[in-house]
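Hi,

Here is the model I promised to pass on. Have a look at it first, and my notes on the chain contacts follow below.

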There are 4 protein chains.
Amino acid sequence: MIVILKKEAAAKDIDSFVDGIKQRGLGVHISKGVDKTIIGLLGDTSKLSPEDFLANDIVESAERVSAPYKMASRSFHPENTVVTIGANQEGVIPCVIGDGKSLPVIAGPCSVETEEQILAAAQAVKKAGARILRGGAYKPRTSPYSFQGLGVEGIRLLEKAKKLTGLPVCTELMAISELENFENVDLIQVGARNFQNFDLLKELGKFHKPVLLKRGLSGTISELLMSAEYIMANGNENVILCERGIRTYDGYTRNCLDLSAVPYLHKVSHLPIVIDPSHACGIRWMVPVLSSAAAAAGADALEIEVHCCPEKAWSDASQQLPPSEFEKLMDKLAKYAAVEGRTL
Amino acid sequence: MIVILKKEAAAKDIDSFVDGIKQRGLGVHISKGVDKTIIGLLGDTSKLSPEDFLANDIVESAERVSAPYKMASRSFHPENTVVTIGANQEGVIPCVIGDGKSLPVIAGPCSVETEEQILAAAQAVKKAGARILRGGAYKPRTSPYSFQGLGVEGIRLLEKAKKLTGLPVCTELMAISELENFENVDLIQVGARNFQNFDLLKELGKFHKPVLLKRGLSGTISELLMSAEYIMANGNENVILCERGIRTYDGYTRNCLDLSAVPYLHKVSHLPIVIDPSHACGIRWMVPVLSSAAAAAGADALEIEVHCCPEKAWSDASQQLPPSEFEKLMDKLAKYAAVEGRTL
Amino acid sequence: MIVILKKEAAAKDIDSFVDGIKQRGLGVHISKGVDKTIIGLLGDTSKLSPEDFLANDIVESAERVSAPYKMASRSFHPENTVVTIGANQEGVIPCVIGDGKSLPVIAGPCSVETEEQILAAAQAVKKAGARILRGGAYKPRTSPYSFQGLGVEGIRLLEKAKKLTGLPVCTELMAISELENFENVDLIQVGARNFQNFDLLKELGKFHKPVLLKRGLSGTISELLMSAEYIMANGNENVILCERGIRTYDGYTRNCLDLSAVPYLHKVSHLPIVIDPSHACGIRWMVPVLSSAAAAAGADALEIEVHCCPEKAWSDASQQLPPSEFEKLMDKLAKYAAVEGRTL
Amino acid sequence: MIVILKKEAAAKDIDSFVDGIKQRGLGVHISKGVDKTIIGLLGDTSKLSPEDFLANDIVESAERVSAPYKMASRSFHPENTVVTIGANQEGVIPCVIGDGKSLPVIAGPCSVETEEQILAAAQAVKKAGARILRGGAYKPRTSPYSFQGLGVEGIRLLEKAKKLTGLPVCTELMAISELENFENVDLIQVGARNFQNFDLLKELGKFHKPVLLKRGLSGTISELLMSAEYIMANGNENVILCERGIRTYDGYTRNCLDLSAVPYLHKVSHLPIVIDPSHACGIRWMVPVLSSAAAAAGADALEIEVHCCPEKAWSDASQQLPPSEFEKLMDKLAKYAAVEGRTL
């Protein structure tokens, strides 16, 4: 943390300010310029925020020098984190995310609707080469009048699909009280709207399942990593980050896919990063080309919505791919993954 | 809902599309132009979203004509909703929000820190004319290493402050499991990060206390009203909306106070609207002038952070006002309120 | 400027980096911490930008400490700048902006359309108390097929309106080649789309007329002041800043009026600041309440679109007020201005 | 255009409104629902904007159905536009953009600094396989105190570099008055800050050189196409669009590269689209991976900044690649281009 004092700060006030910092157990470096006095804070500043200093009248500005996250930071943990989904279950084929050699695809419908629908989708995505089945049981819908998901019944249907296909399953958790139903879920998704639901994150830190943490609608990269930190600091290091489009001023796509997040997160963090092109654009025909771009950007995995009959889907009908298009996408993706020697 | 079909849509596909709509119990108006066919949907379209139609290959675009919210809409409920906070409690002075004759101020520290601190703040804000005491017991902090609030102990201290001053109290709820501790809280705040925590909203719909619902960091006005709709549709019509600054590209203030929300929400909704200038700007010296502007914009109430010793505050130190400045602000505010014949 | 070096920077590279800075005539303060080395640059850093340092492999980050603007800064020029519009012209009533005692209103139609239209509008706004007449002769339209303004003929009509009413006139300049037609224009507007048209700004720096510089659609406050600096550094200190709404993710108003800009600009700059509520919201009925809020926020002047028959206007029909509503707005505005002892 | 009338609109007012539309030479389709009356406008609505109708009291909303651009639209011109840069000049190797078979790279330094610098850069980028040389002679800098470019001398140096290497040259035009110096420039760039400098666009419409039109800092896709329309409607159909990052709320990269623009623009327009990863991220080490992603997204060409000694560059030092890294990038890019059968 660097604190810059105002030109007119009195020596006495500066001394008292510096004493206050030392009392917090921090070291201090002071640089007196002609115009400004610059104070560098040394030690563990992770509990501090720049705002803590701005209330003092002699302070002009304060800025972090070190990243506010620790456990999520690559400087803290230089090796890539590799997460295994669906390990040690009879009949289930585990999927590894973050090993640098593969580009696994998580696929399935937006919502679990009926047994027939989810089983058909599971078989279709498996046939095309997907490695994890997704499907929403609890749905975060903007309107209270929209379909809210099948709830625990949806989870039961995902379990059947897992048994049928051997694919690990991924579904979203919206409330702590439902966590008891997630014992057979292999990858627990935290949606964009809950990415700063800190109580939920803390609880997932105490649970023993990998977490797929989506970036908020207008979450910064730093906030995303701080939310990962909430989970990790509470005991669960199996966190996978997910970029799914951010909100901008232009509405030609539902959100704006921010692919720069992939190389940037790989630089500053050791956690795997998944791209969700379906929610990013919200437009079916655009999903394949964004998937290719995500592969070239170095994403560790992709999450793609697939429905056997998109025009009859109960939610997000406009962005789900039918199996025939998903198969073509997988073929193309395999070629892009191969450029870096990766397989799907 | 208006659906526009592509130029090249075949008559047969149009017929089949229209049949599908009729089967949902909706009426249809068809306008065939040279270029496009326009289909107007008649009836209750609140369960539909434009995305439901875009998956169909013959559809070019789809748009809502009616607002997606109902109970929160002024066309549904033409009279202003007036919410009373702290009614029917011995020794407590109730506060009315939304009556058009008053401009009550909710004030107090960002966080409840100690008994001494909250009691002093409560007395100071009461003396200056505030009508409701605020103070955070559960704190949504970006970092897991920052002070997370006193929790239920904070609620107990707010109760003491209420007893001492007679001011109703307002504090934030972050998790459904804590709701049992809110029996003596008079106004339950839903923070910006939880404004689309739909499970929390549903639960508050079943609770019997007024709710102060904050707009999300990048929430649209429509989303804010849909979140209010979640609470109302579940049984609680005592919802107060709060604009607290939105996220933009320019970081010279913490957020950007969007005062246009006040007249706009008054036009489309009957719910009261509160402005929170403290979180909007995050800068102490800017709070008074934004408070005056909010009064002139027609806000029904203001929420302002006040701390007896801001530079020692455990959170948001940079934006809290000391009592002396809060008193001056209240004097100025009274003059602005008086222009429209309102009192504080 | 503060430059933070990477942990792993070699002593030799640090020395060479420091030498490079000294060769640019700057002083250096070095603070070596356990983790990072912090280098403070002393002297005139206005020609440098943080990017200049980031290409060096040993640099982790670089940040400005001083503002990048000088002439526009309050620390450079502590007294408010007061600009007089329309001075020393027979029959013209000069208008002063920035004196802290008045809240003059600039009003008139979006575009100059016909002689009859502009003369009627000029008389109507004068009658209601406006102090400067606005009207677009050169129109920046998104579409090449929309009305592009009357051009020099529009300027001639504004001159007639000035003669008729004695009001100074304000109109927008879009191209340097047209500047010769602005000899009788009293306040030259630079529109949002040209706010970083640096060649135009340089030319206006050499011209002898006050400039009304609008903030860009997504211009930062710092960029606005740097654009003012372009004009001032070229010789023209009569610059008035204008906030006219910024672009955000929510489209319920055309733009988002950022009233925090008023107190912030007053803090960091000595230049007057005008609010344009008409372009900010783009909605006629919202203009009066935003005008009141702008007055309470401390704006030095307002610019409001008025048309004698808005529904027949050739551009921006939806945001122009008819004279009857403008008169009511002026009455209300006078009351808000009076709170701080100002008159219109 | 579809206009929706308010529920309470009187029959008489509707008739009068419809008559007004017919007088503009447009046809009308009327759909009367229970709640709303919907009016569809038929004919050439390109001169109208939704705002034209909103001033009428009986209008609730108005929306475009057809795109506002015509000449830039794919429905107007179904075949891809292919632009040739540097044709018919002795010793110059022409470069084709938009043919679907190639992925040419435009490369060179941010600014032309000295003869030695630009000649070295030109030779380096040619050696690595670039097809067009870029270099700024007129520089749009936020600060008036920053290096403003060599001006016409910079153009002369680009001509020398063209002669030496046979590469066509691309440089930015900032003012109409400088156009006479662009006779030997092969591709004229319009920068992000001038993308709605309509006078400049009109002038380029009358000039005979291909134009590289950059999307504004917060320009919408629709605005970008309307700016292309300004050039095309004035006679020049050789327009190439460029996405170079947009402004969002998160500043971890300088701008946010919006790769969805590539497939979207290919869908709605026939014009080629170039990606500029250097300005998008502003971070040297991120440029290669974004280049690969842009190739996979289907960009028709890339523009990449290369400087023989980036840390000594006079502008944008942090984002320019040294030749060694550019060569590696070109090798990788060739592999990604090959997936779709393209060559550099």
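Let's start with one pair: the side chains of A:Arg247 and B:Glu223 form a salt bridge, 2.5 Å from N to O. By salt bridge I mean a Lys or Arg side-chain nitrogen within 4 Å of a carboxyl oxygen of Asp or Glu. Chains A and B have four salt bridges between them.

Before you go further, note that this is a predicted model: local features need pLDDT of at least 70, side-chain atom pairs count only at pLDDT 80 or more, and totals for chains, interfaces and linings use all residues. Residues are numbered from 1 along each chain as its sequence is written, chains are lettered from A and ligands numbered from 1 in the order written, and side-chain values use heavy atoms, leaving out hydrogens and water.

Now the rest of the A–B contact. Chain A and chain B put in 43 residues each (contact is heavy atoms within 4.5 Å). Together they bury about 3800 Å², with 51% of that on carbon and sulfur atoms; this is the accessible area, with a 1.4 Å probe, lost on putting the two parts together, summed over both.

And how do chains A and D relate? A rotation of 180° with 0.0 Å of shift along its axis superposes chain A on chain D, RMSD 0.0 Å (least squares on C-alpha atoms of residues with pLDDT of at least 70 in both). The two copies are thus related as by a two-fold rotation axis. In chain A, the C-alpha nearest that axis belongs to A:Ala293, 2.2 Å away.

Cheers
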